[in-house]
Amino acid sequence: MDKPRVAFFDFASCEGDQLQIVNLEEDLLKVVGAVDVVSFREAMKGHSDNYDIAFVEGSITRRSDEPRLLEIRKNAKILVAIGACATIGGVNLLKNFQDLESVRKFVYGDKFFQYETYPARPIKAVVPVDLEIHQCPINRDEFVMAFKALLMGKKPEFPNYPVCEDCKKAENICVFEMGMTCMGPVTRAGCGACCVVEGSVCWGCRGFIDHPNADSEREVLAKYGLSVGDILKKFRLYTGFSEVSK
Amino acid sequence: MNGKKVIQIHHVTRIEGHGNIDIQIKDGKVDKCQWQIVEAPRFFEAALRGRKWNEAAHITSRICAICSIGHTLCSLKATEAALGITISEQTLKLRKLLINGETLQSHILHLGYLVVPDLVGAPSVIPLASTHPAEVLLVVRLHRLANEMSDLIGGRTIHPQRPVVGGFAKWPTVAELENLYQKLESAQSDVMTLAGFVKGLAPNFPKFSRETEYIGLTHPTEYAFYEGEIASTDGGKWPVDNYKSIVNEYLVPHSTAKFARHKRDAYMVGALARFNLNYNKLLPGAKKLADDVGLKPINFNPFMNNVAQLVEVAHAFEDSMQLTKKLLEKWDPEEKPIVSVKAGLGSGSVEVPRGILFHEYEYNKDGEIVWANCVIPTNQNHANIQKDMEALVEEIKERPQEEIELMVEMLVRAYDPCVSCSTH
């Protein structure tokens, strides 16, 4: 059997998910050895439109970027969105909740009309997506797990329970008990509660679990002193797209 | 010379982000030569409006993955300046160690994975795994160590979680720092082998020179990465708060990223700029390496930016060992950040791998951002890339098209541009 042909693409993003793949170090050589990488602009010269699996990083933020994504969708048998920008819009969505003309003027001044943009959106808002690998940036181990599953023709399984479970397993003290607030109760686990482990809080970058109890989360945040405005902002840091896509 | 050469590279590969090169040469005359930035803008400065003091670094880290440690630290410095927060000596040293981690991982990645293929005539690092296995494994080893160091101190290599306003949310343990010191020490021979490998390839870097201005941080007692004043090789020193009068950003229609200029029509930032400004502050091993490879200030060849990166790799390893040792002499794992919120305006600057970076925020009394500005190293390099490309193409316009193509791509790559970062 021929090796599967794999391509990597990116749209509006920091390219951190592709960098996580490069950061696999020795394992990167195994990954690229198991497939034919036919396009990976950040790391190699040359390109082919003939590929089986396309990994796509980044959000779509311009109408003029859509044709390139449609072309990728047409060429790929399997399209995988990688990283929060691609799966839930990431921090690119923050601008969506401001007046877009004011956003453009703030950055580009009186020449703002030269710089096209529209409300940022995840890949699935433009084309059908076969698989999503969450997190900002993606987790190296989870990528390798999903990659192996795809090569074996299986659909990888991702947790559908909240980060709180990962947090308990990591034996963290709940951040609410330390006077901070957290998106963990409604956010998809699988990260090992990595930010809480490092002394921070869960920001919500893996997106909501399938049926988040958002009302309860809002109540908890209010109980811990957040205003209605602050709660809204906290939800919008990563999960604002669920607000507009309802 | 008759005939027409049309070079359209959409998009340049083995760089971060989306940039195009458009060149037209007709009958020996260069009709067009343009470096275009087509990256989608993400409007970070606008998006920051209304966000809290403890979110600014988390958000702006996402401007760029490979410089995310630098963005985090620069953002923290701007917020701390605005809120009037001072940091401890321990935090200062640990941040310096963290920024070394980023410089190392980024420079090693750029040299080993992105530049070396050009020097040995390969399309990427992948075929090198079979043609140069020992060298590739060496690069991988050093890259992994740099990432482990960043993970250990920042909590993650990309978008670090531990550095927070006022200090660190979590500290490494003494045992971890001791272990890091040993690893850095035993990597010294790898650094020398890498230096020998790149030195052997150095004659393959194109000979090209164009006088320009170099701008970066400078510090009285150290090779500046984390702190200092703004300096120029044309003379002059300025406090960081005056950065706007140095960068003078402007818009061009073929770029979504802003361009910058100081006194001349362009200036360069990055490893070569730092080397040109701060050569005297290099640690002994790095200085010796620079002398061995024949790199002297002021060097006007942008391709030598890669060699300056190599010199900085040696410097950052040496400096990291010294910092780790000093941290271990006096270590307080109980230190907690102390923050109080007030209205204020503050700017911060650090040297990230690609050059000098500025963040500036204005906060209201509730600690919410009302105004923000970020000036990225590659922003500041775009005009210089353009000017270099014009001069280079003029010099090599008679050569075969493929050769011109390779040379202009190598020129862009030499800057190690962070294109999506520059557009932000």
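Two residues are taken to be in contact if their C-beta atoms, placed from the backbone, lie within 7 Å. With that criterion, Ile385(B), Asp388(B), Met389(B), Leu392(B), Val393(B) and Ile396(B) of helix α13(B) meet Ile404(B), Met407(B), Val408(B), Leu411(B) and Val412(B) of helix α14(B). By class, this contact comprises 10 nonpolar, no polar and 1 charged residues; Ala, Val, Leu, Ile, Met, Phe, Trp, Tyr, Cys and Pro count as nonpolar, Asp, Glu, Lys and Arg as charged, and the others, Gly among them, as polar.

The model is a predicted one, in which local features need pLDDT of at least 70, side-chain atom pairs count only at pLDDT 80 or more, and totals for chains, interfaces and linings use all residues. Residues are numbered from 1 along each chain as its sequence is written, while chains are lettered from A and ligands numbered from 1 in the order in which they are written.

Chain A contains 10 helices and 5 strands, and chain B contains 15 helices and 12 strands. Helices (H or I, at least four residues) and strands (E, at least two) are DSSP runs, numbered from the N terminus. The radius of gyration of chain B is 21 Å, close to the 22 Å that the globule rule gives for 424 residues, so chain B is as compact as a globular protein of that length. For chain A, with 246 residues, a compact globule would have a radius of gyration near 18 Å, and the value of 19 Å agrees. The radius is taken over C-alpha atoms, and the globule rule is 2.2 Å times the number of residues to the power 0.38. Along its principal axes, the C-alpha trace of chain A spans about 60 × 50 × 30 Å; that of chain B spans about 70 × 50 × 40 Å.

Buried residues make up 47% of chain A and 58% of chain B. A residue is buried if 20 or more other C-beta atoms lie within 10 Å of its own, exposed if 12 or fewer, and partly exposed in between, with C-beta atoms placed from the backbone. Of the contacts in chain A between residues at least 6 apart in sequence, 73% join residues at least 24 apart. In chain B, residues 24 or more positions apart account for 73% of the contacts with a separation of 6 or more.

The two chains also touch each other: 44 residues of chain B are in contact with 45 residues of chain A. On the chain B side, the elements that give two or more residues are α1 (44-47), α2 (56-61), α4 (89-119) and α6 (133-154). Of these, α6(B) gives the most, with 4 residues. The chain B side divides into 20 nonpolar, 14 polar and 10 charged residues.

The axes of α13 (residues 377-396) and α14 (residues 401-414) of chain B come within 10 Å and cross at roughly 155 degrees. Axes are lines fitted to C-alpha atoms, for helices over the stretch in contact, and angles run from 0 to 180 degrees between N-to-C directions. The helices α13(B) and α14(B) are therefore roughly antiparallel to each other; angles under 35 degrees count as roughly parallel, over 145 as roughly antiparallel, 65 to 115 as roughly perpendicular and the rest as oblique. The crossing of α13(B) past α14(B) is right-handed. A crossing is left-handed if the near helix is turned anticlockwise from the far one by less than a right angle, and right-handed if clockwise.

A second pair in chain B is formed by α10 (residues 271-278) and α12 (residues 305-329), whose axes come within 7 Å and cross at roughly 65 degrees. That angle makes α10(B) roughly perpendicular to α12(B), and α10(B) passes α12(B) in a left-handed crossing. Ala271(B), Leu272(B) and Phe275(B) of α10(B) make the contact with Asn305(B), Ala308(B), Gln309(B), Val311(B) and Glu312(B) of α12(B). By class, this contact has 5 nonpolar, 2 polar and 1 charged residues.

Helix α12 of chain B also holds Leu310(B), which counts as buried with 27 C-beta neighbours inside 10 Å. Leaving aside residues up to four places away in sequence, Leu310(B) touches Leu111(B), Ala195(B) and Val198(B).

Thr423(B) lies in helix α15 (residues 419-423) of chain B. Thr423(B) is buried, with 28 other C-beta atoms within 10 Å. Not counting residues up to four places away in sequence, Thr423(B) touches Ile37(B), Glu39(B), Pro41(B), Thr256(B) and Ala257(B). The C-alpha atoms of Thr423(B) and Phe44(B) are separated by 9.4 Å, although the two residues are 379 residues apart along the chain.
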